[in-house]
Amino acid sequence: MIDMHAHWKPAEVADALRARAKEPRIVRDQDGVEVLKTRMSEEPLANAFDDVDFHLGRMDRQGVEVSVLSLVGTFCWIESQPLDVSVPLCQRVNDRLSAICQEHPGRFAAYAALPLTDMSAAAAELDRVLAMPGMIGAQIPGNYFLTRSDGEAMRPLLEVANRHHAVLFIHHGPRPGDAYPKVASDTDNARRRNGTLDMQASLSSVMVTLCLTDLLASYPDVTIQVHNLGGNIPYEVERMDHRSMLDTPNEELPSARFRRAGVYVDCNSFGPRAIEAAVELYGADRIVCGTDGSAFGVDWTRKALAEARISEEAREAILKGNAAAMIARVEKVSERETAAA
(Lines give C-alpha, C1' and ligand atoms only; values in the text may rest on other atoms or scores of the structure.)
Protein backbone atom coordinates (compact mmCIF):
# COMPACT_ATOMS: atom_id res chain seq x y z
CA MET A 1 0.00 0.00 0.00
CA ILE A 2 1.00 3.60 -0.64
CA ASP A 3 -0.75 5.83 1.90
CA MET A 4 -1.39 9.24 0.32
CA HIS A 5 -3.16 10.66 3.41
CA ALA A 6 -0.91 10.14 6.44
CA HIS A 7 -1.02 13.03 8.89
CA TRP A 8 2.00 13.98 10.98
CA LYS A 9 2.42 15.73 14.33
CA PRO A 10 5.83 17.47 14.24
CA ALA A 11 7.81 18.00 17.43
CA GLU A 12 9.53 20.96 15.74
CA VAL A 13 6.64 23.25 16.78
CA ALA A 14 6.80 22.38 20.51
CA ASP A 15 8.35 25.67 21.61
CA ALA A 16 5.77 27.63 19.61
CA LEU A 17 3.00 25.61 21.24
CA ARG A 18 4.37 26.50 24.68
CA ALA A 19 4.14 30.20 23.78
CA ARG A 20 0.49 30.05 22.68
CA ALA A 21 -2.33 31.47 24.79
CA LYS A 22 -5.08 29.34 23.24
CA GLU A 23 -5.51 25.77 22.03
CA PRO A 24 -3.66 23.98 20.67
CA ARG A 25 -0.93 24.72 23.20
CA ILE A 26 1.40 23.01 25.63
CA VAL A 27 0.59 23.61 29.29
CA ARG A 28 1.28 21.93 32.62
CA ASP A 29 -1.50 19.87 34.19
CA GLN A 30 -2.37 19.82 37.89
CA ASP A 31 0.55 17.45 38.51
CA GLY A 32 3.00 19.80 36.79
CA VAL A 33 3.36 17.51 33.76
CA GLU A 34 3.45 19.09 30.32
CA VAL A 35 0.50 18.14 28.10
CA LEU A 36 -0.68 19.11 24.64
CA LYS A 37 -4.10 20.64 25.13
CA THR A 38 -6.45 20.92 22.12
CA ARG A 39 -10.08 21.95 21.75
CA MET A 40 -11.21 18.38 22.26
CA SER A 41 -8.73 16.77 24.66
CA GLU A 42 -5.26 16.75 26.15
CA GLU A 43 -2.46 14.18 26.10
CA PRO A 44 0.96 13.81 27.72
CA LEU A 45 3.76 15.40 25.75
CA ALA A 46 5.40 11.99 25.37
CA ASN A 47 2.47 10.98 23.13
CA ALA A 48 1.82 14.33 21.48
CA PHE A 49 4.23 14.10 18.53
CA ASP A 50 4.96 11.46 15.93
CA ASP A 51 8.08 9.32 16.06
CA VAL A 52 9.66 8.13 12.81
CA ASP A 53 10.82 4.74 14.11
CA PHE A 54 7.42 4.01 15.62
CA HIS A 55 5.70 4.96 12.38
CA LEU A 56 8.08 2.84 10.30
CA GLY A 57 7.49 -0.16 12.55
CA ARG A 58 3.75 0.17 12.10
CA MET A 59 4.15 0.57 8.34
CA ASP A 60 6.21 -2.63 8.20
CA ARG A 61 3.67 -4.56 10.26
CA GLN A 62 0.77 -3.44 8.11
CA GLY A 63 2.35 -3.60 4.69
CA VAL A 64 2.50 0.14 3.99
CA GLU A 65 5.36 0.68 1.58
CA VAL A 66 5.23 4.49 1.46
CA SER A 67 3.55 7.10 3.68
CA VAL A 68 2.97 10.56 2.24
CA LEU A 69 3.12 12.81 5.29
CA SER A 70 1.06 15.97 5.81
CA LEU A 71 0.44 18.23 8.77
CA VAL A 72 -2.41 17.05 11.01
CA GLY A 73 -5.27 19.52 11.32
CA THR A 74 -4.57 20.31 14.97
CA PHE A 75 -1.17 21.66 13.94
CA CYS A 76 -2.32 23.64 10.90
CA TRP A 77 -2.59 26.76 13.07
CA ILE A 78 1.02 27.45 12.07
CA GLU A 79 -0.18 28.29 8.54
CA SER A 80 -2.57 31.02 9.67
CA GLN A 81 -0.18 33.08 11.79
CA PRO A 82 1.36 36.42 10.78
CA LEU A 83 4.23 35.96 8.35
CA ASP A 84 6.96 36.57 10.92
CA VAL A 85 5.60 33.52 12.80
CA SER A 86 4.24 31.30 10.03
CA VAL A 87 7.16 31.42 7.61
CA PRO A 88 9.86 30.12 9.99
CA LEU A 89 7.48 27.53 11.49
CA CYS A 90 6.41 26.20 8.10
CA GLN A 91 10.01 26.12 6.93
CA ARG A 92 11.07 24.24 10.05
CA VAL A 93 8.34 21.64 9.53
CA ASN A 94 9.01 21.30 5.80
CA ASP A 95 12.76 20.97 6.29
CA ARG A 96 12.18 18.17 8.78
CA LEU A 97 9.69 16.38 6.52
CA SER A 98 12.24 16.44 3.70
CA ALA A 99 14.94 15.18 6.08
CA ILE A 100 12.72 12.24 7.07
CA CYS A 101 12.34 11.39 3.38
CA GLN A 102 16.11 11.51 2.88
CA GLU A 103 16.87 9.48 6.01
CA HIS A 104 14.51 6.69 4.91
CA PRO A 105 14.72 6.48 1.10
CA GLY A 106 11.67 5.02 -0.57
CA ARG A 107 9.53 5.01 2.58
CA PHE A 108 8.23 8.57 2.79
CA ALA A 109 7.14 11.51 0.67
CA ALA A 110 5.52 14.68 2.02
CA TYR A 111 3.14 17.55 1.43
CA ALA A 112 4.39 20.96 2.56
CA ALA A 113 2.79 23.31 5.07
CA LEU A 114 2.47 26.86 3.69
CA PRO A 115 2.19 30.34 5.27
CA LEU A 116 -1.31 31.05 4.01
CA THR A 117 -1.80 34.61 5.25
CA ASP A 118 0.15 35.81 2.21
CA MET A 119 -0.16 34.00 -1.12
CA SER A 120 3.12 35.37 -2.43
CA ALA A 121 4.94 33.96 0.60
CA ALA A 122 3.02 30.68 0.28
CA ALA A 123 3.97 30.40 -3.40
CA ALA A 124 7.61 31.15 -2.60
CA GLU A 125 7.66 28.43 0.07
CA LEU A 126 6.03 25.92 -2.27
CA ASP A 127 8.62 26.75 -4.93
CA ARG A 128 11.39 26.28 -2.34
CA VAL A 129 10.21 22.93 -1.02
CA LEU A 130 9.61 21.39 -4.44
CA ALA A 131 13.37 21.50 -4.96
CA MET A 132 13.85 19.43 -1.78
CA PRO A 133 14.02 15.61 -1.66
CA GLY A 134 10.75 13.87 -0.96
CA MET A 135 8.48 16.92 -1.22
CA ILE A 136 5.77 16.30 -3.82
CA GLY A 137 3.42 19.24 -3.22
CA ALA A 138 1.41 20.92 -0.49
CA GLN A 139 -1.68 20.42 1.64
CA ILE A 140 -4.31 23.16 1.09
CA PRO A 141 -7.42 23.88 3.21
CA GLY A 142 -10.60 22.90 1.41
CA ASN A 143 -12.34 26.21 2.14
CA TYR A 144 -10.16 27.77 -0.56
CA PHE A 145 -12.14 25.79 -3.14
CA LEU A 146 -15.73 25.93 -1.85
CA THR A 147 -16.62 28.09 -4.87
CA ARG A 148 -14.87 29.15 -8.03
CA SER A 149 -14.62 32.67 -6.62
CA ASP A 150 -12.85 31.31 -3.54
CA GLY A 151 -10.47 29.42 -5.79
CA GLU A 152 -9.19 32.60 -7.46
CA ALA A 153 -6.94 33.18 -4.44
CA MET A 154 -5.16 29.91 -5.20
CA ARG A 155 -3.81 30.90 -8.63
CA PRO A 156 -0.27 31.69 -7.34
CA LEU A 157 -0.04 28.20 -5.82
CA LEU A 158 -1.61 26.54 -8.85
CA GLU A 159 0.97 28.24 -11.08
CA VAL A 160 3.89 26.96 -8.98
CA ALA A 161 2.43 23.47 -8.73
CA ASN A 162 1.76 23.40 -12.47
CA ARG A 163 5.37 24.34 -13.25
CA HIS A 164 6.70 21.53 -11.07
CA HIS A 165 4.00 18.98 -12.03
CA ALA A 166 3.30 18.84 -8.30
CA VAL A 167 0.38 17.53 -6.24
CA LEU A 168 -2.00 19.69 -4.23
CA PHE A 169 -3.74 17.73 -1.47
CA ILE A 170 -7.04 19.48 -0.76
CA HIS A 171 -8.03 18.67 2.82
CA HIS A 172 -11.12 19.86 4.68
CA GLY A 173 -10.20 22.88 6.76
CA PRO A 174 -10.52 26.65 7.23
CA ARG A 175 -8.70 29.50 5.58
CA PRO A 176 -7.00 31.94 7.95
CA GLY A 177 -9.80 33.88 9.60
CA ASP A 178 -12.61 31.44 8.82
CA ALA A 179 -14.95 30.50 11.67
CA TYR A 180 -14.17 26.88 12.49
CA PRO A 181 -15.59 24.46 13.36
CA LYS A 182 -19.09 25.31 12.17
CA VAL A 183 -20.82 23.36 14.94
CA ALA A 184 -20.09 24.28 18.56
CA SER A 185 -18.70 21.52 20.76
CA ASP A 186 -21.71 21.68 23.12
CA THR A 187 -24.13 20.85 20.27
CA ASP A 188 -25.58 17.35 20.26
CA ASN A 189 -23.54 14.99 18.08
CA ALA A 190 -20.99 17.73 17.43
CA ARG A 191 -18.31 15.29 16.30
CA ARG A 192 -20.64 13.65 13.79
CA ARG A 193 -21.95 16.98 12.54
CA ASN A 194 -18.46 18.48 12.11
CA GLY A 195 -16.44 15.37 11.29
CA THR A 196 -18.87 13.81 8.83
CA LEU A 197 -21.86 15.94 7.82
CA ASP A 198 -20.09 19.27 7.38
CA MET A 199 -16.83 17.76 6.18
CA GLN A 200 -18.45 15.68 3.47
CA ALA A 201 -20.73 18.50 2.32
CA SER A 202 -17.75 20.86 2.12
CA LEU A 203 -15.70 18.35 0.13
CA SER A 204 -18.62 17.92 -2.26
CA SER A 205 -18.55 21.68 -2.88
CA VAL A 206 -14.79 21.47 -3.44
CA MET A 207 -15.30 18.80 -6.10
CA VAL A 208 -17.97 20.85 -7.85
CA THR A 209 -15.52 23.77 -8.05
CA LEU A 210 -12.64 21.63 -9.27
CA CYS A 211 -14.58 19.50 -11.75
CA LEU A 212 -17.57 21.55 -12.90
CA THR A 213 -15.85 24.92 -13.45
CA ASP A 214 -12.87 25.98 -15.57
CA LEU A 215 -10.69 26.94 -12.58
CA LEU A 216 -8.08 24.26 -13.35
CA ALA A 217 -8.11 24.72 -17.14
CA SER A 218 -4.90 26.75 -17.17
CA TYR A 219 -3.03 24.22 -15.01
CA PRO A 220 -2.95 20.91 -16.90
CA ASP A 221 0.16 19.66 -15.10
CA VAL A 222 -1.16 20.03 -11.55
CA THR A 223 -2.30 16.83 -9.87
CA ILE A 224 -5.16 17.33 -7.41
CA GLN A 225 -6.06 14.95 -4.59
CA VAL A 226 -9.23 15.40 -2.49
CA HIS A 227 -9.77 13.17 0.52
CA ASN A 228 -12.74 11.08 1.68
CA LEU A 229 -13.83 10.15 -1.85
CA GLY A 230 -14.42 13.78 -2.75
CA GLY A 231 -17.30 14.20 -0.32
CA ASN A 232 -20.72 12.79 -1.18
CA ILE A 233 -20.43 13.15 -4.96
CA PRO A 234 -20.52 9.37 -5.75
CA TYR A 235 -23.96 9.16 -4.07
CA GLU A 236 -25.34 12.52 -5.21
CA VAL A 237 -24.25 12.48 -8.84
CA GLU A 238 -27.39 10.68 -10.03
CA ARG A 239 -29.53 13.50 -8.65
CA MET A 240 -27.15 16.04 -10.17
CA ASP A 241 -27.56 14.35 -13.54
CA HIS A 242 -31.34 14.28 -13.14
CA ARG A 243 -31.52 17.97 -12.28
CA SER A 244 -29.18 18.76 -15.15
CA MET A 245 -31.45 16.94 -17.60
CA LEU A 246 -34.40 19.00 -16.34
CA ASP A 247 -32.73 22.38 -15.81
CA THR A 248 -29.91 22.54 -18.37
CA PRO A 249 -30.64 19.81 -20.95
CA ASN A 250 -28.01 21.07 -23.40
CA GLU A 251 -25.23 20.89 -20.81
CA GLU A 252 -22.87 17.94 -20.46
CA LEU A 253 -23.95 15.74 -17.57
CA PRO A 254 -22.11 16.30 -14.27
CA SER A 255 -21.21 12.59 -14.08
CA ALA A 256 -19.27 12.85 -17.34
CA ARG A 257 -17.49 16.00 -16.18
CA PHE A 258 -16.48 14.46 -12.83
CA ARG A 259 -15.14 11.43 -14.69
CA ARG A 260 -12.95 13.32 -17.14
CA ALA A 261 -11.77 16.05 -14.74
CA GLY A 262 -8.83 13.90 -13.66
CA VAL A 263 -9.06 14.86 -9.98
CA TYR A 264 -7.86 12.09 -7.66
CA VAL A 265 -9.70 11.13 -4.48
CA ASP A 266 -8.53 8.99 -1.59
CA CYS A 267 -10.68 6.38 0.11
CA ASN A 268 -9.85 7.33 3.70
CA SER A 269 -12.53 6.31 6.20
CA PHE A 270 -14.93 4.72 3.71
CA GLY A 271 -16.21 1.19 3.35
CA PRO A 272 -16.65 -1.22 0.43
CA ARG A 273 -19.99 0.04 -0.90
CA ALA A 274 -18.74 3.63 -1.02
CA ILE A 275 -15.56 2.52 -2.82
CA GLU A 276 -17.67 0.68 -5.39
CA ALA A 277 -19.72 3.81 -6.04
CA ALA A 278 -16.55 5.88 -6.39
CA VAL A 279 -15.01 3.41 -8.85
CA GLU A 280 -18.18 3.54 -10.94
CA LEU A 281 -18.15 7.35 -11.02
CA TYR A 282 -14.50 8.41 -11.14
CA GLY A 283 -12.88 5.21 -12.40
CA ALA A 284 -10.44 3.07 -10.41
CA ASP A 285 -7.53 4.98 -11.95
CA ARG A 286 -8.52 8.10 -9.98
CA ILE A 287 -8.65 6.60 -6.47
CA VAL A 288 -5.75 6.21 -4.01
CA CYS A 289 -5.42 4.93 -0.47
CA GLY A 290 -5.65 7.17 2.57
CA THR A 291 -5.63 6.24 6.25
CA ASP A 292 -5.08 9.48 8.24
CA GLY A 293 -1.77 7.86 9.22
CA SER A 294 -3.38 5.70 11.89
CA ALA A 295 -3.20 1.97 12.58
CA PHE A 296 -7.00 1.84 12.63
CA GLY A 297 -7.16 3.65 9.30
CA VAL A 298 -4.84 1.15 7.61
CA ASP A 299 -6.85 -1.83 8.84
CA TRP A 300 -10.13 -0.18 7.88
CA THR A 301 -8.96 0.73 4.38
CA ARG A 302 -7.47 -2.69 3.65
CA LYS A 303 -10.68 -4.41 4.81
CA ALA A 304 -12.85 -2.06 2.74
CA LEU A 305 -10.79 -2.68 -0.40
CA ALA A 306 -10.74 -6.44 0.18
CA GLU A 307 -14.54 -6.54 0.47
CA ALA A 308 -15.32 -4.09 -2.36
CA ARG A 309 -16.83 -5.74 -5.44
CA ILE A 310 -14.22 -4.44 -7.85
CA SER A 311 -11.67 -6.17 -10.07
CA GLU A 312 -8.28 -7.25 -8.77
CA GLU A 313 -6.71 -4.87 -11.27
CA ALA A 314 -8.73 -1.98 -9.80
CA ARG A 315 -7.83 -3.04 -6.25
CA GLU A 316 -4.10 -3.06 -7.02
CA ALA A 317 -4.31 0.31 -8.76
CA ILE A 318 -5.98 1.84 -5.69
CA LEU A 319 -3.60 0.18 -3.24
CA LYS A 320 -0.43 1.28 -5.00
CA GLY A 321 -0.33 1.83 -8.75
CA ASN A 322 -2.13 5.16 -8.99
CA ALA A 323 -0.20 6.72 -6.12
CA ALA A 324 3.13 5.49 -7.47
CA ALA A 325 2.38 7.21 -10.78
CA MET A 326 1.44 10.46 -9.02
CA ILE A 327 4.67 10.52 -7.03
CA ALA A 328 6.79 9.52 -10.02
CA ARG A 329 5.53 12.46 -12.10
CA VAL A 330 6.76 14.94 -9.49
CA GLU A 331 10.06 13.15 -8.96
CA LYS A 332 10.77 13.02 -12.70
CA VAL A 333 10.33 16.78 -13.09
CA SER A 334 12.40 17.43 -9.96
CA GLU A 335 15.24 15.31 -11.34
CA ARG A 336 15.15 17.21 -14.65
CA GLU A 337 15.21 20.56 -12.83
CA THR A 338 18.11 19.46 -10.65
CA ALA A 339 20.09 18.28 -13.68
CA ALA A 340 19.40 21.55 -15.51
CA ALA A 341 20.59 23.59 -12.52
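Reply: What follows takes a cavity, then a pocket, in this predicted model.

Me: How many cavities of 30 Å³ or more are there?

Reply: The count comes to one. About 50 Å³ of space lies in the largest cavity.

Me: Why is a space called a cavity and not a pocket?

Reply: A 1.4 Å probe fits in a cavity but cannot get out, whereas a pocket is open. The largest cavity carries its label because of that rule.

Me: What makes a residue part of the lining?

Reply: A lining residue has an atom within 4 Å of a point. For the largest cavity, Asp 3, His 55, Arg 58 and Val 298 are among them.

Me: Which helix gives the most to that lining?

Reply: Helix 3, residues 52-62, with four residues.

Me: How do you know which class the lining residues of the largest cavity fall in?

Reply: Asp and Arg count as charged, and Met and Val as nonpolar. By class, the lining of the largest cavity has three nonpolar, six polar and two charged residues.

Me: How much space lies in the second largest pocket, and which residues lie nearest its centre?

Reply: About 460 Å³. The lining has 25 residues, with Leu 216, Tyr 219, Pro 220, Val 222 and Ala 261 nearest the centre. Helix 8, strand 9, helix 10 and helix 13 each give two or more residues. Helix 13 gives the most, with four.

Me: What classes make up the lining of the second largest pocket?

Reply: It has 13 nonpolar, four polar and eight charged residues.

Definitions and conventions: Residues numbered from 1 in each chain as written. Predicted model: local features only at pLDDT ≥ 70, side-chain atom pairs only at ≥ 80, totals over all residues. Heavy atoms only, no water. 1 Å grid on protein atoms, 1.4 Å probe; cavity = no way out; pocket = protein on both sides within 12 Å on 5 of 7 lines; lining within 4 Å. Points joined across faces, edges and corners; volume = space filled by probe spheres on them.
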